[in-house]
Amino acid sequence: MKAPKDEFSSVRLLLLAFGLLSALILALCLSSRLSLPPLVGRSLTDEEVRTVISRNSPLTEYVLLSPNATFPREEPITKITVHHMAGDLTLEELGEAFLQRDRRASANYAIDSEGRVALYVEESDRAWTSSSADNDHRAVTIEVANDEIGGDWHVSDEAFETLVALCTDICCRSGMEALTYTGDADGSLTIHKMFHDTDCPGPYLESRMDDLANQVNLRLALP
(Lines give C-alpha, C1' and ligand atoms only; values in the text may rest on other atoms or scores of the structure.)
Protein backbone atom coordinates (compact mmCIF):
# COMPACT_ATOMS: atom_id res chain seq x y z
CA MET A 1 0.00 0.00 0.00
CA LYS A 2 1.43 3.36 -1.05
CA ALA A 3 2.02 6.01 1.60
CA PRO A 4 -0.14 9.09 1.25
CA LYS A 5 1.37 11.96 -0.67
CA ASP A 6 1.29 14.31 2.31
CA GLU A 7 3.32 11.79 4.37
CA PHE A 8 6.15 11.87 1.81
CA SER A 9 5.98 15.65 1.81
CA SER A 10 6.36 15.74 5.58
CA VAL A 11 9.42 13.48 5.41
CA ARG A 12 11.00 15.67 2.73
CA LEU A 13 10.34 18.77 4.81
CA LEU A 14 11.89 17.16 7.90
CA LEU A 15 14.98 16.12 5.92
CA LEU A 16 15.28 19.61 4.44
CA ALA A 17 14.96 21.21 7.89
CA PHE A 18 17.58 18.85 9.30
CA GLY A 19 19.95 19.67 6.45
CA LEU A 20 19.49 23.40 6.92
CA LEU A 21 20.03 23.11 10.68
CA SER A 22 23.19 21.07 10.17
CA ALA A 23 24.52 23.61 7.68
CA LEU A 24 23.77 26.46 10.10
CA ILE A 25 25.57 24.73 12.98
CA LEU A 26 28.57 24.02 10.76
CA ALA A 27 28.64 27.64 9.57
CA LEU A 28 28.50 28.92 13.15
CA CYS A 29 31.33 26.59 14.19
CA LEU A 30 33.48 27.68 11.26
CA SER A 31 32.71 31.34 11.90
CA SER A 32 33.65 30.99 15.57
CA ARG A 33 36.88 29.22 14.69
CA LEU A 34 37.83 31.75 12.02
CA SER A 35 37.23 34.65 14.42
CA LEU A 36 39.93 33.38 16.79
CA PRO A 37 43.51 34.61 16.52
CA PRO A 38 45.56 32.15 14.43
CA LEU A 39 47.66 30.72 17.30
CA VAL A 40 44.71 30.01 19.60
CA GLY A 41 43.38 26.54 20.32
CA ARG A 42 46.11 24.45 18.71
CA SER A 43 49.58 23.04 19.27
CA LEU A 44 52.30 25.54 18.41
CA THR A 45 55.64 25.08 16.75
CA ASP A 46 58.78 25.87 18.74
CA GLU A 47 59.18 29.09 16.78
CA GLU A 48 55.59 30.11 17.49
CA VAL A 49 56.07 29.39 21.20
CA ARG A 50 59.17 31.60 21.27
CA THR A 51 57.27 34.38 19.49
CA VAL A 52 54.39 34.24 21.97
CA ILE A 53 56.71 34.21 24.98
CA SER A 54 58.63 37.20 23.58
CA ARG A 55 55.53 39.40 23.98
CA ASN A 56 54.53 38.02 27.39
CA SER A 57 56.48 36.91 30.48
CA PRO A 58 59.94 35.43 29.82
CA LEU A 59 59.29 33.17 32.83
CA THR A 60 56.86 31.15 30.69
CA GLU A 61 57.85 27.53 30.05
CA TYR A 62 54.65 26.14 28.51
CA VAL A 63 52.17 27.70 26.07
CA LEU A 64 48.71 26.49 25.04
CA LEU A 65 46.43 29.37 24.08
CA SER A 66 42.79 29.01 25.13
CA PRO A 67 39.86 30.10 22.94
CA ASN A 68 38.02 31.11 26.13
CA ALA A 69 39.04 34.76 26.10
CA THR A 70 38.14 38.19 24.79
CA PHE A 71 40.45 39.39 22.02
CA PRO A 72 41.83 41.91 22.83
CA ARG A 73 41.34 43.21 26.39
CA GLU A 74 39.58 46.57 26.56
CA GLU A 75 41.61 48.25 29.32
CA PRO A 76 45.31 48.68 30.13
CA ILE A 77 46.78 46.30 32.70
CA THR A 78 46.58 47.87 36.16
CA LYS A 79 45.87 44.83 38.34
CA ILE A 80 46.94 41.26 39.10
CA THR A 81 44.36 38.73 40.34
CA VAL A 82 45.42 35.55 42.12
CA HIS A 83 43.45 32.29 42.00
CA HIS A 84 44.13 28.72 43.04
CA MET A 85 43.52 25.59 40.97
CA ALA A 86 41.72 23.77 43.82
CA GLY A 87 43.93 20.86 42.83
CA ASP A 88 47.50 19.90 42.01
CA LEU A 89 47.18 19.91 38.23
CA THR A 90 50.02 19.89 35.76
CA LEU A 91 50.27 22.82 33.37
CA GLU A 92 49.32 20.47 30.55
CA GLU A 93 46.19 19.21 32.35
CA LEU A 94 44.99 22.71 33.09
CA GLY A 95 45.69 23.75 29.51
CA GLU A 96 43.55 20.92 28.16
CA ALA A 97 40.72 21.99 30.48
CA PHE A 98 40.96 25.57 29.23
CA LEU A 99 40.69 24.35 25.62
CA GLN A 100 37.12 23.17 26.26
CA ARG A 101 34.78 25.83 24.92
CA ASP A 102 31.85 24.73 27.10
CA ARG A 103 33.86 25.42 30.27
CA ARG A 104 34.06 29.12 29.38
CA ALA A 105 37.05 29.49 31.71
CA SER A 106 40.71 30.38 31.37
CA ALA A 107 43.53 32.35 32.97
CA ASN A 108 46.41 34.36 31.61
CA TYR A 109 48.98 32.31 33.53
CA ALA A 110 49.27 29.31 35.82
CA ILE A 111 52.03 28.10 38.15
CA ASP A 112 52.41 24.42 39.05
CA SER A 113 53.73 23.02 42.32
CA GLU A 114 57.26 22.83 40.90
CA GLY A 115 57.19 26.55 40.13
CA ARG A 116 56.82 26.23 36.35
CA VAL A 117 54.81 28.88 34.49
CA ALA A 118 52.27 28.36 31.71
CA LEU A 119 50.60 30.94 29.47
CA TYR A 120 47.02 30.27 28.34
CA VAL A 121 45.80 33.75 27.38
CA GLU A 122 48.21 36.40 26.17
CA GLU A 123 48.48 39.52 28.31
CA SER A 124 47.03 41.60 25.48
CA ASP A 125 43.80 39.60 25.80
CA ARG A 126 41.25 39.24 28.61
CA ALA A 127 41.06 35.83 30.27
CA TRP A 128 37.74 34.57 31.65
CA THR A 129 38.83 33.95 35.23
CA SER A 130 37.38 36.14 37.96
CA SER A 131 33.61 36.21 37.29
CA SER A 132 34.09 39.93 36.59
CA ALA A 133 34.62 41.27 33.11
CA ASP A 134 35.52 44.67 34.55
CA ASN A 135 38.31 43.19 36.67
CA ASP A 136 39.60 40.77 34.05
CA HIS A 137 39.86 43.47 31.39
CA ARG A 138 42.29 45.25 33.76
CA ALA A 139 43.99 42.28 35.45
CA VAL A 140 46.51 39.65 34.56
CA THR A 141 45.06 36.53 36.18
CA ILE A 142 47.19 33.75 37.67
CA GLU A 143 46.13 30.24 38.74
CA VAL A 144 48.39 28.58 41.35
CA ALA A 145 48.48 24.82 42.00
CA ASN A 146 47.80 23.49 45.49
CA ASP A 147 50.08 20.93 47.12
CA GLU A 148 47.41 20.41 49.79
CA ILE A 149 43.89 19.50 48.73
CA GLY A 150 41.32 20.97 51.10
CA GLY A 151 42.10 22.51 54.44
CA ASP A 152 44.04 25.74 53.90
CA TRP A 153 44.66 24.84 50.23
CA HIS A 154 48.40 25.28 50.75
CA VAL A 155 50.73 25.97 47.82
CA SER A 156 54.35 24.93 47.62
CA ASP A 157 57.23 27.26 48.46
CA GLU A 158 58.40 26.90 44.86
CA ALA A 159 55.00 27.99 43.53
CA PHE A 160 54.84 31.00 45.85
CA GLU A 161 58.37 32.11 44.98
CA THR A 162 57.50 31.93 41.30
CA LEU A 163 54.31 33.89 41.99
CA VAL A 164 56.43 36.68 43.47
CA ALA A 165 58.74 36.63 40.45
CA LEU A 166 55.89 36.55 37.94
CA CYS A 167 54.02 39.41 39.62
CA THR A 168 57.23 41.46 39.69
CA ASP A 169 57.80 40.81 36.00
CA ILE A 170 54.20 41.75 35.11
CA CYS A 171 54.47 44.99 37.09
CA CYS A 172 57.75 45.92 35.40
CA ARG A 173 56.50 45.35 31.88
CA SER A 174 53.08 46.95 32.52
CA GLY A 175 54.44 50.10 34.15
CA MET A 176 52.95 49.30 37.57
CA GLU A 177 55.26 50.99 40.06
CA ALA A 178 53.87 49.12 43.08
CA LEU A 179 51.49 46.32 43.94
CA THR A 180 48.90 47.26 46.57
CA TYR A 181 46.70 44.85 48.52
CA THR A 182 43.83 46.67 50.24
CA GLY A 183 41.67 43.64 51.07
CA ASP A 184 39.05 44.73 48.56
CA ALA A 185 38.70 45.22 44.83
CA ASP A 186 40.23 48.72 44.93
CA GLY A 187 43.80 47.45 45.22
CA SER A 188 46.03 46.55 42.32
CA LEU A 189 46.38 43.05 43.80
CA THR A 190 43.04 41.26 43.97
CA ILE A 191 41.75 37.73 44.59
CA HIS A 192 38.86 35.80 43.07
CA LYS A 193 36.58 35.88 46.13
CA MET A 194 36.32 39.66 45.82
CA PHE A 195 34.20 39.18 42.70
CA HIS A 196 32.34 35.91 43.30
CA ASP A 197 30.94 33.76 46.11
CA THR A 198 33.92 31.42 46.33
CA ASP A 199 36.76 30.49 48.70
CA CYS A 200 39.30 30.95 45.89
CA PRO A 201 42.27 31.36 46.29
CA GLY A 202 41.93 29.50 49.59
CA PRO A 203 42.95 30.53 53.13
CA TYR A 204 46.69 30.03 52.64
CA LEU A 205 47.15 32.24 49.60
CA GLU A 206 44.71 34.83 50.93
CA SER A 207 46.80 35.06 54.11
CA ARG A 208 49.93 35.68 52.01
CA MET A 209 48.63 38.57 49.89
CA ASP A 210 50.21 41.29 52.03
CA ASP A 211 53.46 39.32 51.96
CA LEU A 212 53.19 38.90 48.20
CA ALA A 213 52.70 42.64 47.66
CA ASN A 214 55.58 43.49 50.02
CA GLN A 215 58.00 41.09 48.35
CA VAL A 216 57.08 42.34 44.88
CA ASN A 217 57.49 45.97 45.95
CA LEU A 218 60.91 45.27 47.45
CA ARG A 219 62.03 43.84 44.12
CA LEU A 220 60.51 46.71 42.18
CA ALA A 221 62.48 49.15 44.36
CA LEU A 222 65.80 47.51 43.55
CA PRO A 223 68.04 49.53 41.23
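Trainee: So helices (H or I, at least four residues) and strands (E, at least two) are DSSP runs, numbered from the N terminus; where, then, is P201 found?

Mentor: In this model, which is a predicted one, P201 sits in the loop that runs between strand β8 (189-191) and helix α6 (202-207).

Trainee: And the peptide bond from C200 to P201, is that cis or trans?

Mentor: The bond leading from C200 into P201 is cis, and its omega is near 15 degrees. A cis peptide bond also joins F71 and P72, where omega is about -10 degrees, and P72 belongs to the loop between β2 (69-70) and β3 (79-84).

Trainee: Switching to pockets, what is the volume of the largest one?

Mentor: The largest pocket has a volume of about 200 Å³. It is lined by 13 residues, and those closest to its centre are L94, F98, R103, A105 and E143.

Trainee: Which helix gives the largest share of that lining?

Mentor: Helix α3 (residues 91-99) gives the largest share, with three residues. By class, the lining of this pocket has seven nonpolar residues, three polar ones and three charged ones.

Trainee: What about helices α5 and α7, at what angle do they cross?

Mentor: The axes of α5 (residues 157-174) and α7 (residues 209-221) cross at roughly 55 degrees and come within 9 Å of each other, and the two helices are therefore oblique to each other. Their crossing is right-handed.

Trainee: Which residues make the contact?

Mentor: On the α5 side the contact involves F160, E161, L163, V164, A165, C167, T168, C171 and C172, while α7 brings D211, L212, Q215, V216, R219 and L220.

Trainee: And how many of those are nonpolar, polar or charged?

Mentor: Sorted by class, the contact of α5 with α7 has ten nonpolar residues, two polar ones and three charged ones.

Terms used
Residues numbered from 1 in each chain as written. Predicted model: local features only at pLDDT ≥ 70, side-chain atom pairs only at ≥ 80, totals over all residues. Heavy atoms only, no water. 1 Å grid on protein atoms, 1.4 Å probe; cavity = no way out; pocket = protein on both sides within 12 Å on 5 of 7 lines; lining within 4 Å. Points joined across faces, edges and corners; volume = space filled by probe spheres on them. Nonpolar A, V, L, I, M, F, W, Y, C, P; charged D, E, K, R; others polar. Axes fitted to C-alpha atoms, helices over the stretch in contact; angles between N-to-C directions. Parallel < 35°, antiparallel > 145°, perpendicular 65-115°, else oblique. Left-handed = near helix turned anticlockwise from the far one by under 90°. Contact = heavy atoms within 4.5 Å.
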